[in-house]
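Here are a few friendly notes to read alongside the model. Please keep the viewer open while you go through them.

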Amino acid sequence: MINIGCVCGMGLGSGLLVKMGVDNVLKRAGYKEGTWKTEVLDTSTARQQGIDIYVTTSEFARNLMDTPAKVVTVMNLFNEKEIETALLPTYANVLKNKKE
């Protein structure tokens, strides 16, 4: 299971939209549902154990760079094409490393 944290400022509306975007991108890419879990996190609760990948803006990414998780940054959290381009290579790499 790959744990993905969708980080926004308050962990409310925009985080939920990012979560939906991440889920849509992974489904379209053919990954089986249930092989990943997305969580909506705000900047103060984002630094938790067990997150493999964070998806966020560069503004919030600065606070996550010293975590063991991979940090995927996007300019527009609502643009699924941008999420796809940024997330899929990282997701594939994390998945490969978890299987090894």
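1. Where is the place of aspartate 23? Aspartate 23 sits in helix α1; helices here are DSSP runs of H or I with at least four residues, strands are E runs of at least two, and both are numbered from the N terminus. Aspartate 23 has a relative accessible area of 13% and is buried, where buried means under 20%, exposed over 50% and partly exposed in between (1.4 Å probe, protein chains only). Leaving aside residues up to four places away in sequence, Aspartate 23 touches Trp36 and Thr38, a contact being heavy atoms within 4.5 Å.

2. Before you go further, a word on the basis: this is a predicted model, in which local features need pLDDT of at least 70, side-chain atom pairs count only at pLDDT 80 or more, and totals for chains, interfaces and linings use all residues. Residues are numbered from 1 along each chain as its sequence is written, and side-chain values use heavy atoms, with hydrogens and water left out.

3. Now the sheet. Four strands form an open sheet in the order β2-β1-β3-β4, with parallel pairing; two strands pair if DSSP finds at least two bridges between them. At the edges are β2 (36-42) and β4, each pairing on one side only. From one strand to the next, the twist averages 25°.

4. Strand β3 (residues 53-56) deserves a look. Its Ile53 and Val55 point one way, Tyr54 and Thr56 point the other way, and all are buried. Three bridges pair β3 in the parallel sense with strand β1 (residues 2-8), and there isoleucine 4 has isoleucine 53 as its bridge partner in β3. Four bridges join β3 to strand β4 (residues 70-73), again running parallel. In β4, lysine 70 is the bridge partner of isoleucine 53, and threonine 73 is that of threonine 56.

5. Which residues have the most contacts inside the largest nonpolar core? They are Ile4, Val22, Ile53, Leu87 and Tyr91, in a core of 19 residues. Such a core is a set of buried Ala, Val, Leu, Ile, Met, Phe, Trp, Tyr and Cys residues joined through side-chain atoms within 4.5 Å. Two or more residues each come from β1, α1 (13-28), β3 and α3 (80-99), and α3 gives the largest share, six residues. Apart from this core lies another, of eight residues, including Val7, Leu41, Ile51 and Tyr54.

6. Not counting residues up to four places away in sequence, Tyrosine 91 touches Ile2, Ile4, Leu26, Tyr31, Thr35, Trp36 and Ile53.

7. Next, the helices against the sheet. α1 lies across β1, β2 and β3, at about 160° to β2, while α3 lies across β1, β2, β3 and β4, at about 165° to β4. Axes are lines fitted to C-alpha atoms, for helices over the stretch in contact, and angles run from 0 to 180 degrees between N-to-C directions.

8. Finally, how do the two helices meet? The axes of α1 and α3 come within 9 Å and cross at roughly 65°. Among the residues in this contact are Val22, Val25 and Leu26 of α1, with Ile83, Leu87 and Tyr91 of α3. The contact divides into eight nonpolar, two polar and three charged residues; Ala, Val, Leu, Ile, Met, Phe, Trp, Tyr, Cys and Pro count as nonpolar, Asp, Glu, Lys and Arg as charged, and the others, Gly among them, as polar.
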